[in-house]
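Thanks for coming. I will take a few minutes to walk through one model, so please have the picture open.

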Amino acid sequence: MDIATRIRKMGFRKWYERQLIDSHLSFTTCLLCGLTVAACLESISFSEFGWKAASLLAAVAACVVLGMYSWKRYLTVLQRAEAYGDRSHCPSCRVYARFEVLATGTTAEGAYLDPATESLPYPWLRVRCRACATVWRLPD
Ligand SMILES: [Zn+2]
């Protein structure tokens with residue numbers, strides 16, 4: 001499900017809250033992977049290399065991969081949430097997160113950018129304030 005559909009379904013506040021929870025779960029996963037790597041490396045004895053050391057090395061490798069994935073996911077989800085969150089106040093009446101999504105897209109034309117030189121990291125949303133009917137676009 002894309003961002004516009006999720007925001008339409010649950011509202012911006014709930015979507016934003018879930019993005020923050022999701023990103024911080026990824027951060028916690030990354031932290032736990034780091035602690036697991038440290039504990040496994042502490043336990044490995046290379047003088048008596050056997051199945052135990054090999055399985056600990058496999059656990060280290062798995063935790064490194066999972067930790068790197070979690071760190072990248074943490075940054076991606078948090079940056080996306082902040083990109084939308086920065087523009088979630090109505091520019092006219094300053095009401096927070098009370099808007100409806102009118103249109104969405106991924107092309108630079110819809111975002112008023114030069115499609116030849118600029119690209120969008122996230123889909124743009126054209127939204128209308130429920131309080132004063134002002135229309136604006138997010139993220140920048
Ligand atoms: Zn407004």
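This is a predicted model: local features need pLDDT of at least 70, side-chain atom pairs count only at pLDDT 80 or more; totals for chains, interfaces and linings use all residues.

Now widen the view to the strands. How many bridges join β1 to β2? There are 6, and the two strands run antiparallel. On the chain, β2 covers residues 124-129.

Next, the whole sheet. It is an open sheet of 3 strands, ordered β1-β2-β3, with antiparallel pairing. Which strands are at the edges? They are β1, residues 99-105, and β3, residues 135-138, and each of them pairs on one side only. If we ignore direction, neighbouring strands in this sheet are turned by 30° against each other on average.

Now step back to the protein chain. It is divided into domain 1, residues 1-85, and domain 2, residues 91-140. The C-alpha centres of the two domains are 30 Å apart. In the contact between them, domain 1 takes part with 10 residues and domain 2 with 9 residues.

Let me stay on the domain 1 side of that contact. Three helices each supply at least two residues to the side that touches domain 2: α1 (3-10), α2 (12-43) and α3 (51-85). Which one gives the largest share? That is α1, with 4 residues.

Last, the residue classes on this side of domain 1, where it touches domain 2. There are 6 nonpolar residues and 4 charged ones, and no polar residues.

That is where I stop.

Terms used
Residues are numbered from 1 along each chain as its sequence is written. Domain bounds come from an automatic or database domain assignment. Two residues are in contact if their C-beta atoms, placed from the backbone, lie within 7 Å. Ala, Val, Leu, Ile, Met, Phe, Trp, Tyr, Cys and Pro count as nonpolar, Asp, Glu, Lys and Arg as charged, and the others, Gly among them, as polar. Two strands pair if DSSP finds at least two bridges between them. Axes are lines fitted to C-alpha atoms, for helices over the stretch in contact, and angles run from 0 to 180 degrees between N-to-C directions.
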